[in-house]
Amino acid sequence: MKIISTIDELRDQLRGQLRTAFVPTMGNLHEGHLSLMRLARKHGDPVVASIFVNRLQFGPNEDFDKYPRTFQADVEKLEKEGVYVLFAPTEKDLYPEPQEYRVQPPDTLGNTLEGEFRPGFFNGVCTVVTKLFSCVQPRVAVFGKKDYQQLMIVRNMARQFALPTEIIGAETFRAEDGLALSSRNMYLSPEERAEAPALYQALNFVANEMRAGHLDIFSLEREAMARLANRGWKPDYISVRKRIDLQAPMAGDLAKGEPLVVLAAAKLGTTRLIDNLEI
């Protein structure tokens, strides 16, 4: 595996490649990330991964400086997966001058759910993804469904800008107890880790109630959040949305069986976890 930090060297290395499959990451890789590499290989060749902790998507009170960085362990994992190139730029490599041009998603998608609780987050995501796509020029790129809203925003962005990159969504990789794998799980204490699957259980409660015909969405959301709060969580949201645009479903949508997804974000101790479940 070639480890490359500069844009010019990356472009030289990939020149002439027409089927590049790309998996952008922020490092601290776990089995969920590695499953993305395997899916990428099914859709293209060579597989290129990136590791870059993107300052633009962190708010002023978020964990940019303490975000886990495990570069050497990440390299060993990627080598075992047969990744061809690891693009690991420094901030100076990717942002040699202040990144004053930004890519902003529409307010209806970028300022709801995660965007409401993390203002500016998706501006940072869209900007760095656009720049990484410009550097790698992949034919396909793989993003995990755990970050459901991010996947939708990136997919819509690629379509509206007519980017020559197909966005592929990978199913959420879960531990045996249902917890979605996340780099932030390492912040959990042993007691918190044992409690963490309650978030997925709350999603299943909402989904199962709706499948059983209980369609008072507001009361289901409120009850699910109360269940978490009673267990010591601090929920930001548990929300049922339409898969197509992440807007709240109306009565007509429910009547015609519009595909839905329930999304959640909650703090357990000092660790904020997100998850979702398609209904």
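What follows is a short chat about a predicted model.

Reader: Before we start, what should I know about how this was put together?
Author: Residues are numbered from 1 along each chain as its sequence is written, and side-chain values use heavy atoms, with hydrogens and water left out. Since this is a predicted model, local features need pLDDT of at least 70 and side-chain atom pairs count only at pLDDT 80 or more, while totals for chains, interfaces and linings use all residues.

Reader: In the open sheet of three strands, which strands stand at the edges?
Author: The sheet has the order 7-8-9, with antiparallel pairing; strands here are DSSP runs (E, at least two residues), helices are runs of H or I of at least four residues, and both are numbered from the N terminus. Two strands pair if DSSP finds at least two bridges between them.

Reader: How many bridges join strand 8 to strand 9, and which residue is the bridge partner of L263?
Author: Strand 8 covers residues 260–268 and runs antiparallel to strand 9, with eight bridges joining them. For L263, the bridge partner in strand 9 is N276.

Reader: Which helix packs on the sheet, and what angle does its direction make with that of strand 9?
Author: Axes are lines fitted to C-alpha atoms, for helices over the stretch in contact, and angles run from 0 to 180 degrees between N-to-C directions. Contact means heavy atoms within 4.5 Å. Touching strand 7, strand 8 and strand 9 is helix 10 (residues 198–211), and its angle with strand 9 is about 25 degrees.

Reader: N28 and Q137 each have a positive phi; which of them is exposed?
Author: N28 has phi near 50 degrees and is found in the loop between strand 2 (21–25) and helix 2. With a relative accessible area of 11%, N28 is buried. Q137 has phi of about 55 degrees and lies in the loop between helix 7 (121–136) and strand 5 (140–144). At 54%, the exposed residue is Q137.

Reader: Which peptide bond is cis, and what is its omega?
Author: Look at the loop between helix 2 (31–43) and strand 3 (47–51), where P46 lies. The cis bond goes from D45 to P46, with omega near 5 degrees.

Reader: Is D253 buried or exposed, and which residues is it in contact with?
Author: D253 sits in helix 12 (residues 251–255) and counts as buried at 10% relative accessibility. Leaving aside neighbours within four places in sequence, the contacts of D253 are K242, A248 and E258.

How values were computed: Buried means under 20% relative accessible area, exposed over 50%, partly exposed in between (1.4 Å probe, protein chains only).
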